[in-house]
Amino acid sequence: MRHRSQLILTAVLTTGALTLSACGSRDEGGDKSGDKGNTTVVIGVDAPLSGDLSAIGIGIKNSVDLAAKTANKNKEVPGVTFQIKALDDVANPSTGGQNATTLVGNKDVLGVVGPLNSSVAQSMQKTFNSANLVEISPANTAPELTQGANYAKQKERQFKTYFRTATTDALQGPYAAQYAYNTLKLKTVYSVDDKKTYGAGLARTFRQEFTKLGGKVVATDHINPDDRDFGAIATKIKNSKADFVYYGGEYPAGAPLSKQIKDAGAKIPVIGGDALQSADYVKLAGKNAEGDFATSVGAPPEQLDTAKKFIADYKAGGYSDPYETYGALSYDAAWAIIQAVKTVVNANDGKVPSDARAKIVEATQKVSFSGVTGQVAFDEYGDTTNRTLTVYQVKGGKHTPVKTGELEK
């Protein structure tokens, strides 16, 4: 396929009437990974690359970069060189919406990995869908992104271009509730969330399962995710005598909340979701993070045979920042796009077709391969078929996995 594609391109150049495919461009900048492919396909990346959540966002970007370089090195799609275009959304929905428009406007972008935040995804989905541009998030967990606002009663797919390699909070919240009630034997909870799409939704699914099991919610409260002084709510939590706090939100606010709860005298654990499972959570909360819990999507990469090469390659890649919580899922998201491109190019005589974006969406729906995190495939809503979750506890200054499995029916 590669040889034939080069012959065709050479003939076109000879006539002086070079016409590039609608979604491919001449690789004039040289190939840094050794592939001399003649068509460049760009994989967009949208994530917070600055600000409070940048540690996670940079891990996403680096992992997509590694996938692109690996594809080029292996000549995964003969005749195609992959590049990435990373944009910083600062975890802001408005900026994410602008980034979506920018990525759609670049004809070489045939797929996008991201964003991190579910609220940012809501501002991007319609733009990508209108342009037939596939988007795969490695981190969004809000169920309504794929299944609609009424997902608990009637699932309805929202956008055919949207997929994710992270499972949803319809499973993650209840998984934490089962662990807290059945394993930790904790019976009363003080529920706090940051009122954002992710945080409020996650806390809601947790409470529903916790009360169903027999647990009691002694209070429900909310914080501003931009605040860092939680003294008043910490005192309320101490006086409530709850067994633990469930926090729906991200670590920049979750960590100081945990610290101030303990400083107020309530020596009880904080349990939260995947947005707390970051090294920065422990760094910000200090010793008061010890004993806290966080659930996360997927199994710990460090315990998966399928992730060994990813971890080794990431280390060898010289990235100065860790791959963080969503690195493995980001690599799989990028690889799903690469496999979809491969399917489309192979079906078009080794060339990127003029309607590549639409065809890549169709191909993404059908991808199935053994990835870093396990088998990668998507159901009829665009959700991952991998429903594995893990509970981590902060021990000795780092998140340590204590249970991996699936939600009990």
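Predicted model: local features only at pLDDT ≥ 70, side-chain atom pairs only at ≥ 80, totals over all residues.

Student: What counts as a pocket, and what volume does the largest pocket have?

Tutor: On a 1 Å grid over the protein atoms alone, a pocket is an open set of points with protein on both sides within 12 Å along at least five of seven lines; in a cavity, a 1.4 Å probe fits but cannot get out; lining residues have an atom within 4 Å of a point. Points are joined across faces, edges and corners, and a volume is the space filled by probe spheres set on them. Here the largest pocket comes to about 630 Å³. It has 25 lining residues, and the closest to its centre are Tyr151, Ala170, Leu171, Pro174 and Leu407.

Student: Which helix gives the most to that lining?

Tutor: Helices (H or I, at least four residues) and strands (E, at least two) are DSSP runs, numbered from the N terminus. Helix 8 gives the most to the lining of the largest pocket, five residues; helix 7 (169-183) and helix 8 (197-213) each supply at least two.

Student: How many charged residues are in the lining of the largest pocket?

Tutor: For the classes, Ala, Val, Leu, Ile, Met, Phe, Trp, Tyr, Cys and Pro are nonpolar, Asp, Glu, Lys and Arg are charged, and the others, Gly among them, are polar. The largest pocket has ten charged residues in its lining, with eight nonpolar and seven polar.

Student: What about the second largest pocket?

Tutor: Its space is about 510 Å³. Of its 24 lining residues, Gln277, Glu302, Glu324, Tyr392 and His399 lie nearest the centre. Strand 15 has the largest share of this lining, three residues. By class, the lining of the second largest pocket has twelve nonpolar, nine polar and three charged residues.

Student: And how many cavities of 30 Å³ or more are there?

Tutor: The count is four. The largest cavity holds about 100 Å³, and its lining includes Leu53, Asn117, Glu250 and Asp274. That lining has seven nonpolar, three polar and two charged residues. The second largest cavity has a volume of about 50 Å³, and its lining has three nonpolar, seven polar and no charged residues.

Student: How do the axes of helix 9 and helix 10 cross?

Tutor: Axes are lines fitted to C-alpha atoms, for helices over the stretch in contact, and angles run from 0 to 180 degrees between N-to-C directions. Angles under 35 degrees count as roughly parallel, over 145 as roughly antiparallel, 65 to 115 as roughly perpendicular and the rest as oblique. Helix 9 (residues 231-240) and helix 10 (residues 251-263) have axes that come within 8 Å and cross at roughly 55 degrees, so the two are oblique to each other.

Technical notes: Residues numbered from 1 in each chain as written. Heavy atoms only, no water.
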